[in-house]
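Have a go at each task before you read the solution.

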Amino acid sequence: MNYSVYCSSNECPLILMCILRLLASNDAQLQPNFYAKSCPKAEKTIQDYVQKHIPNAPSLAAALIRMHFHDCFVRGCDASVLLNSTSSTGNQTEKVGIPNQTLMRGFDFIDAVKKVVEAECPGVVSCADIVALVARDSIVVTGGPYWNVPTGRRDGRISNSSETTDIPAPFNNLSSLHTSFAKKGLDLKDLVLLSGAHTIGISHCSSFSTRLYNFTGTFGTQDPSLDSEYAANLKAKKYKSLNDNTTKVEMDPGSIRTFDLSYYKLLLKRRGLFQSDAALTTSTTTKSYVNQLVDGSLKEFYTEFAQAMEKMGRIEVKTGSAGEIRKHCAVVNS
């Protein structure tokens, strides 16, 4: 292919500059310690803040890793999940979408981290990178796995609540989950590994009550794949309604603050809380991955989980001159 450029002496410098800018934009990639020169203390500042505050509210770790996941599945990992709705335009953002309504404390935490980072280096570190780094650091400080977080993401300017339907839902079957993940370049093994984050945290009853009371669309029907004793224990929580958003249940009973293999062991006992959890045992491929994790070591799980998290963190990222670096994570720059 011939890339020769023919131009006058006056035109060439301008054309060459445009070509170089285009190449720089297209070639921009995430990289380790992206802020080494522009804000050398950025990652340490974030880590220190997380280490100081998360031990006082360890349940936040689950919300923060979920936020990173939800962000990446809508328009890529660009912090679009953090944007506030705007009354002037009537735009409803991802933040108010049903899947994200349980992340409020997480939004406040990210805003607090951003404020500290801005004090160190104004206008340099993206909210998208902060979300990715905080997710990792909060899991590590609560005793979970470490994974590499290459940085250089830029923040998106668009956020629509209607697009939160791209986020895999707790009532999805394996086919739906496979499709959602494949659209983002993730495979079935990534699905099984990333679902392992359900080993920590809690859920509202509305995310799984249909499995207990209305599985076939007729009230009183229960998901037959759910262990009967486990179902009875869930029903004993005294739910107020099918849409109960106040009662909370541990996703990995007895181990909600320990990042371990208990979640996968429960799946094999038909005690996965969500339909999407139970779905992992409905195909020979995914069930084989689950069995391999249960039969393996915690170290092996951590290694593979780390690889899946780094892969997820690269979904449709904006780099180079795309997007912007928001001054405040909840609003686009004016």
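**Exercise 1.** What is the torsion about the S-S bond of C39 and C121, and is the disulfide right-handed or left-handed?

*Solution.* Keep in mind that you're working with a predicted model.
- Step 1: find the bond. C39 and C121 are joined by a disulfide, S to S 2.1 Å.
- Step 2: read the torsion. It is about 85° around the S-S bond of C39 and C121, so this disulfide is right-handed.
- Step 3: C39 sits in the loop between α1 (11-27) and α2 (42-53), while C121 sits in the loop between α4 (104-120) and α5, so you're looking at a link between distant parts of the chain, 82 residues apart.
- Step 4: check the surroundings. Both C39 and C121 are buried.

**Exercise 2.** How many disulfides does the structure hold? Work out the handedness of the others too.

*Solution.* 
- Step 1: count them. There are three disulfides.
- Step 2: take C72 and C77, whose sulfur atoms are 2.0 Å apart. The torsion about their S-S bond is about 115°, so this disulfide is right-handed.
- Step 3: look at accessibility, remembering that buried means under 20% relative accessible area. C72 has 0%, so it's buried, and C77 has 1%, so it counts as buried too.
- Step 4: turn to C127 and C329, with sulfur atoms 2.2 Å apart. Here the torsion is about -100°, so the disulfide is left-handed. This pair also links distant parts of the chain: C127 is in helix α5 and C329 is in the segment after α13 (298-312), 202 residues apart.

**Exercise 3.** Why is α5 described as largely enclosed by the rest of the structure?

*Solution.* 
- Step 1: get its dimensions. Helix α5 (residues 127-141) has 15 residues and spans 20 Å from first C-alpha to last, close to the expected 21 Å.
- Step 2: check burial. Of those 15 residues, 13 are buried, so the rest of the structure largely encloses α5.
- Step 3: see what follows. After α5 comes G143, with a positive phi near 95°.

**Exercise 4.** Which residues line the largest cavity?

*Solution.* 
- Step 1: get the volume. The largest cavity holds about 30 Å³ of space.
- Step 2: list the lining. It consists of H68, A132, W147, N148, V149, P150, R153, M309, E310 and G313.

Conventions
Residues are numbered from 1 along each chain as its sequence is written. This is a predicted model: local features need pLDDT of at least 70, side-chain atom pairs count only at pLDDT 80 or more; totals for chains, interfaces and linings use all residues. Side-chain values use heavy atoms; hydrogens and water are left out. On a 1 Å grid over the protein atoms alone, a cavity is a set of points where a 1.4 Å probe fits but cannot get out, and a pocket is an open set with protein on both sides within 12 Å along at least five of seven lines; lining residues have an atom within 4 Å of a point. Grid points are joined across faces, edges and corners, and a volume is the space filled by probe spheres set on the points. Helices (H or I, at least four residues) and strands (E, at least two) are DSSP runs, numbered from the N terminus. The expected span of a helix is 1.5 Å times one less than its number of residues. Buried means under 20% relative accessible area, exposed over 50%, partly exposed in between (1.4 Å probe, protein chains only). A disulfide is a pair of cysteine sulfur atoms within 2.5 Å.
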